[in-house]
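Please open the structure in your viewer and keep the selection tool at hand.

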Amino acid sequence: MARGGFELSDAVAPLVIRIPLGLIFLAHGSQKLFGLFGGSGLTATFASFEQKLGIPPIFTLLAIIAEFGGGLGVLTGFLTRVSAAGIASVMAVAIYKVHWAHGFFLNATCASGRGHGIEYTLALLGMAVYLMVAGGGKWCIDRLIFRA
């Protein structure tokens, strides 16, 4: 393959990962923070995380910041590595606390009483780890600020 092909993929690959990952976490963070998109909002999220998962309020707050702020950061390419690290941390905890008990695969039929396995959260974790290593790419705010 010509060298130009690698330059194009280096420029495009982080962007192609950033956009969906950022949108997913911006939406999920909005559910927890503002109650948008059918979410429960801040107060109910704090209560649910503490009662159902045993997660203290300070860690719930950090998770909400990581999801909403990390989603916005990844989407725009602002503090991409830090934003992706927050998302990766949330996904690691989600795998451990929620999804591991349900195996690998998603509950495709949405069978009652059965949660989703780690499949989806593992994919999101992988995307976040990629951005932690590679950074935001050529088309991101980080590049403008830090001249990377």
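A pocket is an open set of grid points where a 1.4 Å probe fits, with protein on both sides within 12 Å along at least five of seven lines. The model on display is a predicted one.

**First stop: the largest pocket.** The space in the largest pocket amounts to about 870 Å³. Select Lys32, Phe49, Glu67, Val90 and Ala94; among the 34 residues that line this pocket, these lie nearest its centre.

**Second stop: the helices around the pocket.** Colour H1 (3-34), H2 (41-53), H3 (57-76), H4 (80-99) and H5 (119-134), each of which supplies at least two residues of the lining. Which helix gives the largest share of the lining? That helix is H4, with nine residues. Considered by class, the pocket lining consists of 19 nonpolar, twelve polar and three charged residues.

Two packed helices are described by the angle between their axes and the distance between the axes. The crossing in which H3 passes H4 is left-handed.

To view the contact, select Ala63, Ala66, Glu67, Gly69, Gly70, Gly71, Gly73 and Val74 on H3.

Terms used
Residues are numbered from 1 along each chain as its sequence is written. This is a predicted model: local features need pLDDT of at least 70, side-chain atom pairs count only at pLDDT 80 or more; totals for chains, interfaces and linings use all residues. Side-chain values use heavy atoms; hydrogens and water are left out. On a 1 Å grid over the protein atoms alone, a cavity is a set of points where a 1.4 Å probe fits but cannot get out, and a pocket is an open set with protein on both sides within 12 Å along at least five of seven lines; lining residues have an atom within 4 Å of a point. Grid points are joined across faces, edges and corners, and a volume is the space filled by probe spheres set on the points. Helices (H or I, at least four residues) and strands (E, at least two) are DSSP runs, numbered from the N terminus. Ala, Val, Leu, Ile, Met, Phe, Trp, Tyr, Cys and Pro count as nonpolar, Asp, Glu, Lys and Arg as charged, and the others, Gly among them, as polar. A crossing is left-handed if the near helix is turned anticlockwise from the far one by less than a right angle, and right-handed if clockwise. Contact means heavy atoms within 4.5 Å.
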